[in-house]
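Subject: Handing over the model, with notes

Dear colleague,

I am passing this structure on to you, and below it you will find my notes on what turned up when I went through it. Please read them with the structure open beside you.

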Amino acid sequence: LAVYGTVGEQVFNNLKSFCAKKEPHQDIFHELSVTELNKHLSSLMPGLSAKVFRTFNASVTLEKELPRVLPGDDVAVKIVSYNDANRKVAILCNHQRSVPKGFGSTVDKMNATLSQLNDQLNELQAMRVAVKKNKPKAIQLRQDDADDADDADTKKAQLHRFTKVPTVEQVDKKIDSWTKKVKALDLRLKDKFDCSFRWLDPHDKFRDPTVLLIQTCQLNRNN
């Protein structure tokens, strides 16, 4: 509370007093209505309301978080960074969400795909070594058999392979492509986990009602 000075100390002590002799299910401000609060806030600043103040805090938080998105980052990185900033705003505004139905199966499929991509990338790197050493027999080529031509899983498992012995340049292009795929999917997985679970952290400072009350008092004092 040191960063909030005497205002923070006073708000903290007030909260302790308000919570004394109350059960966990009881409201802290049981005698205060939204109408009364907004009336008081508007008397301090025309147009100010609890909703306006919350929007102000959300806008400030988003503005602080967005500069982390660097111009040189690729689109996937920018999307994750933007979503992360939005989550900070959601936490500040106490917007809560439950884990989506089917979340577990979706993540399992994404993890399986990521594992397959990593295995394929490792095979491509080994393929590059074999090509440079002129060892064509060490290279596994793609098999487009008629029996499994329509098998999506089989096709997916062989997408990284070539129908004939490739050149080093051809392998390098696929290595670059697969590296980008792995990075993009890894970012999507990180983003999906953050979207579902980050707001659940009870220690996140953006959800602390004491912080919001202190900020409100400081705003009132400054105006």
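To begin with a single side chain, Lys180 counts as exposed, at 56% relative accessibility (buried means under 20% relative accessible area, exposed over 50%, and partly exposed in between, with a 1.4 Å probe and protein chains only). Please bear in mind that this is a predicted model, in which local features need pLDDT of at least 70 and side-chain atom pairs count only at pLDDT 80 or more, whereas totals for chains, interfaces and linings use all residues. Residues are numbered from 1 along each chain as its sequence is written, and side-chain values use heavy atoms, with hydrogens and water left out.

Salt bridges

Lys180 forms a salt bridge with Asp176, the closest N and O atoms being 3.5 Å apart (a salt bridge is a side-chain nitrogen of Lys or Arg within 4 Å of a carboxyl oxygen of Asp or Glu). Lys180 and Asp176 are separated by about one helical turn, because they are four residues apart in helix α7 (helices are DSSP runs of H or I with at least four residues, strands are runs of E with at least two, and both are numbered from the N terminus). Asp176 is partly exposed, at 40% relative accessibility.

The structure holds three salt bridges, and one of them joins Glu123 to Arg161, with the closest N and O atoms 2.9 Å apart. Glu123 lies in helix α5 and Arg161 in the loop between α6 and α7, so this pair ties together parts that are 38 residues apart in sequence. Arg161 is buried, with a relative accessible area of 12%, while Glu123 counts as partly exposed at 23%.

Arg128 and Asp172 also form a salt bridge, and here the closest N and O atoms are 2.4 Å apart. This pair links distant parts of the chain, with Arg128 in helix α5 and Asp172 in helix α7, 44 residues apart. Both ends are partly exposed, Arg128 at 28% relative accessibility and Asp172 at 29%.

The nonpolar core

The largest nonpolar core has 19 residues, and those with the most contacts inside it are Leu124, Met127, Val131 and Val171 (a nonpolar core is a set of buried Ala, Val, Leu, Ile, Met, Phe, Trp, Tyr and Cys residues joined through side-chain atoms within 4.5 Å). Helices α5 (103-132) and α7 (168-197) each supply at least two residues of this core, and α5 gives the most to it, with ten residues. Leaving aside neighbours within four places in sequence, Leu124 is in contact with residues including His160, Phe162, Lys174 and Trp178 (contact means heavy atoms within 4.5 Å).

Charges over rings

Two of these contact partners of Leu124, Phe162 and Lys174, also meet each other, since the charged end of Lys174 sits over the ring of Phe162, 4.6 Å from its centre (a charge sits over a ring if NZ of Lys or CZ of Arg is within 6 Å of the ring centre and within 35 degrees of the ring normal). Lys181 lies over the face of Trp178, at 3.8 Å from the ring centre.

Two further buried residues

Gln158, found in the loop between α6 (152-157) and α7, counts as buried at 9% relative accessibility. Leu92, in helix α4 (residues 75-92), is buried with a relative accessible area of 7%, and its C-alpha atom is separated by 8.2 Å from that of Arg54, 38 residues apart along the chain.

With best wishes
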